[in-house]
Amino acid sequence: MELIDFILHIDQYLQVFLQDYGVWVYAILFLIIFVETGLVVMPFLPGDSLLFATGMLAAQFPESLNVWLVMILMFIAAVLGDALNYTIGKDIGMRIINFKIFGKQPVTIDHINKTHTFYEKYGTKTIVIARFVPIVRTLAPFVAGIGRMDYKTFFSYNVIGGFVWVFGITLAGYFLGNIPLIKDNFSKVVLLIILISVLPIIYSVIKEKLSNKTKTLS
């Protein structure tokens, strides 16, 4: 519940971080993005909403949070995170699936299978597209490592995806976050961002079920 509250009100939490930690907020944002993209067992950390909220706060407090500096740092964190996740997938692979946190399994075979479905549909472009899809964003580089995707190809898509994701969503927050309708209803905006982000997964699941149903009937 605390995690859900943090995600839905991340703008308020970031503002507190900014007031309490000052320049260290850059390191905090770097670390969150790096862990969310780099550790396959941490797919539940905020991503899109964090970037949007960061852009919004950078517009509100430009003297405390430089939008260009924070975007560059989060971009580096996103690229390094995916690179680490690829390496983990390549070196450890399926053995990490049984890893548990507080008795719960954060990464399941079902998650892996959904990510494989993404790869089947979008190929290597999954590394870019997955940046905008929660959970899949964390699992895609891990699965790429398991499948031993050519690293040069992976790295190219990693950089492109990281740039579009970080700069695109952060700048969206920077230019749109101070609109009263968005600013005053931020938790609803976060829910909308999450909904839009998971639409590709919902579409893939529905399409797969309809396809299986058609095969069964035929």
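The dialogue below treats a pocket and then a residue.

Reply: This is a predicted model, in which local features need pLDDT of at least 70 and side-chain atom pairs count only at pLDDT 80 or more, while totals for chains, interfaces and linings use all residues. Residues are numbered from 1 along each chain as its sequence is written, and side-chain values use heavy atoms, with hydrogens and water left out.

Me: Which residues are closest to the centre of the second largest pocket?

Reply: On a 1 Å grid over the protein atoms alone, a pocket is an open set of points where a 1.4 Å probe fits, with protein on both sides within 12 Å along at least five of seven lines; lining residues have an atom within 4 Å of a point. Of its 10 lining residues, Asp48, Phe52, Ile169, Ile193 and Ile196 are the closest to the centre.

Me: Which helix gives the most to this lining?

Reply: Helices are DSSP runs (H or I, at least four residues), numbered from the N terminus. H11 gives the most, with 5 residues.

Me: Is Thr138 buried or exposed?

Reply: Buried means under 20% relative accessible area, and exposed over 50% (1.4 Å probe, protein chains only). Thr138, in helix H8 (residues 136–146), counts as buried because its relative accessibility is 0%. Contact means heavy atoms within 4.5 Å; leaving aside neighbours within four places in sequence, Thr138 is in contact with Glu36, Leu39, Val40, Met42, Pro43 and Asn85. A polar atom of the Thr138 side chain lies 2.8 Å from the backbone oxygen of Glu36.

Terms used. Helices (H or I, at least four residues) and strands (E, at least two) are DSSP runs, numbered from the N terminus. A polar contact is a pair of N or O atoms within 3.5 Å; within protein, one must be able to donate a hydrogen and the other to accept it, and residues adjacent in sequence count only if both atoms are side-chain atoms.
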